[in-house]
Amino acid sequence: MPQPHAPYTALISAEELQALLAAKARVMVFDCSFDLMRPEAGAQAFAERHIPGALHADLDRALSAKHGLPGAHGTVVVAREADRPASGGRHPLPSRENFATWLSSVGFANDMQAVVYDRNNANYCGRLWWMLKWAGHDAVAVLDGGLQAWEAAGGAVATGQEPSHFQTSFDLRAPLRTLVTVQDVAAGLADPDRTLVDARAPARFRGEVEPLDPVAGHIPGALNRPFAENLGPDGRFKPAEVLRREFDALLAGRSPRGVVAYCGSGVSATPNVLAAELAGLGPVGLFAGSWSEWSSDPSRPVATGE
């Protein structure tokens, strides 16, 4: 079995996680399984089987802000400034302060290694990976291959719910990743050094179908890289050199420093952010409000086709 070493900041294998848990390291495992079409399915899947000791981090209840009431000009009316979402869209980011409060409530502390996984090709656990980086916590890694890889490696599974943890006091630190706002995206449409990369399926990108948002299409000038293209047939991320070749071909000479990832609501874009880092392109920005926020304003331009 591999010898545990910390911190893990990008990917962790099932065998490496097993070694961490066997060594009784300070690690908390988060199961982020979810289903956009059936929001209750993630909690159900967790109850059916999960890594022993894991905590279910629900996209709607834990990793998104409450929408609140619409105010003038698309703002959100809130009682406290800390309750104001950090982004718009269907899954608005909570404020960093409210996210830290949730982390504290589930017993996560600054000296812990976080491991995040799902059973959805890293679609949802990437969100928590990015949010922890945004909160200033670097020791967070995606379980490569998800729950399927864990089980294939002989990892045990548990059912039902897990015992609660004692509350901690998670301290926010300087953000390690960049949150890009809808205003930033609008201002950068004519910037040749800004490249938007859309993680949605090609048919949604082209505007041929739109199952979730009122308007079909994409942000003008964006490139399309569906998030599943980062994974091999086994559900694990492709080797770094393969990812680098594919991103270089996509960008076609554009600087990776100007890349901003987006998707429908800021969730499936995060595997593209992680893949770009694995490819050696460095941290790229995330437009968390994504298409659902962009298309909510009819004055913003919309493109269709390739």
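**Legends: the chain and the site of Trp-291**

View 1. The model is predicted: local features need pLDDT of at least 70 and side-chain atom pairs count only at pLDDT 80 or more, while totals for chains, interfaces and linings use all residues. Residues are numbered from 1 along each chain as its sequence is written, and side-chain values use heavy atoms, with hydrogens and water left out. The 27 positive and 34 negative charges of the chain have mean positions 2 Å apart (Lys and Arg positive, Asp and Glu negative, His and the chain ends not counted; places taken at NZ of Lys, CZ of Arg, CG of Asp or CD of Glu).

**View 2. Fold of the chain.** The chain contains 10 helices and 12 strands (DSSP runs, numbered from the N terminus: helices H or I, at least four residues; strands E, at least two). Along the principal axes, its C-alpha atoms fill a box of roughly 55 × 50 × 35 Å.

View 3. Trp-291 lies in helix H10, residues 290-294. With a relative accessible area of 0%, Trp-291 is buried (under 20% relative accessible area; exposed is over 50%, partly exposed in between; 1.4 Å probe, protein chains only). Leaving aside residues up to four places away in sequence, Trp-291 touches several residues, including Arg-200, Glu-210, Asp-213, His-218, Tyr-262 and Val-302 (contact: heavy atoms within 4.5 Å).
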